[in-house]
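Please read the points below alongside the coordinates before we discuss the charged pairs and the pocket.

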Amino acid sequence: MTKLVHVAVGVIVNADGKILIAKRPLNVHQGGLWEFPGGKVDAGEMIEQALVRELYEELAIDVLACQPLIQIRHHYPDKSVLLDVHKITQFTGSPIGNEGQPVQWVDARALEKFEFPAANRPIISAIKLPEKYVITGPSLDTADFIARLYRVLEKGLRIVQLRVADFNVDTHQSLLDAAMRAVDQSNANLVINCSLAEYHRAIQSRSDTTFGLHLNRHHAAVINQRPVGRQVLFGVSCHNAEEIVHAQHIGADYLFLSPVLPTDSHPSATLLGWESFSALVELANIPVYALGGCSEEHIETAQLCGAQGVAGISAWW
């Protein structure tokens, strides 16, 4: 049986919002690739203790504050690893490669240009995704939709999912165009929730893809591989373990897991609750958003359960 190696990983963020990466020596596992610094958790150590020790030994910095970001279980041909990833929000000292390894501060948007071990790819997704994810809800008309959307963006939310019943390009083109203009002005991300066929129709007339794709459980179930390029943000809605496994199989960058708490829109739905939610998050090696009755006040609870954050309609829309 392959031994599981428990590794504490630090995503170190400086005052400018840049991320520290280090290059692995050529003579070690996955040598020559870039990585987020960290090391093995010793027997009896807490994750935070391991992070403090490893980052001081490797980089000569003292960790003052950190928070959970994501857990990743990855199986290589020769070993299996559990990456316990924390975001380092406060530290003292200037990072140097204490073991002779090159280190570099990188803008989060430039991380895709570096070659990382496969297990590190979901970390990049988690770094780039915010903790709050807004989904559009009902509106009176296009003008009301635009007004609501701008209010959301003025609050600082930076990812918006355009979700309308039975999205159709012919019917909803004005909403899509309005949403694209708004998010472009706010340097935010737009994702549309629709079928794969409607998504392709929506991008046919555009020279570059400026919005992501989100599939519901039914649309996701009928595909067996990632339906968009790596540059396109791709999410899937999930409700159970089987759907989580399938979402990862088809290359989702993140997933929604719902319903967590009671909602007015689905009063009779079977709820996960935080305990079951936490257990299901352990199956996911990609960022997870808690959905269903969740708002800003639930972000900390969701993150303690291993989630990226929360998604919602009524909380912000």
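1. The model is predicted, so local features need pLDDT of at least 70 and side-chain atom pairs count only at pLDDT 80 or more, whereas totals for chains, interfaces and linings use all residues. Residues are numbered from 1 along each chain as its sequence is written, and side-chain values use heavy atoms, with hydrogens and water left out.

2. Across the whole structure there are 15 salt bridges (a side-chain nitrogen of Lys or Arg within 4 Å of a carboxyl oxygen of Asp or Glu). One of them pairs Lys 132 with Glu 296, the closest N and O atoms being 3.7 Å apart. Because Lys 132 lies in strand 8 and Glu 296 in the loop between strand 14 and helix 9, this pair ties together parts that are 164 residues apart in sequence (helices, H or I of at least four residues, and strands, E of at least two, are DSSP runs numbered from the N terminus).

3. Arg 148 and Asp 144 also form a salt bridge, at 3.0 Å between the closest N and O atoms; they are four residues apart in helix 3, and so separated by about one helical turn. Asp 144 counts as buried at 15% relative accessibility, while Arg 148, at 24%, is partly exposed (buried is under 20% relative accessible area, exposed over 50%, partly exposed in between, with a 1.4 Å probe and protein chains only).

4. Glu 35, in strand 3, is buried at 16% relative accessibility.

5. The lining of the second largest pocket has nine nonpolar, 15 polar and three charged residues (Ala, Val, Leu, Ile, Met, Phe, Trp, Tyr, Cys and Pro count as nonpolar, Asp, Glu, Lys and Arg as charged, and the others, Gly among them, as polar).
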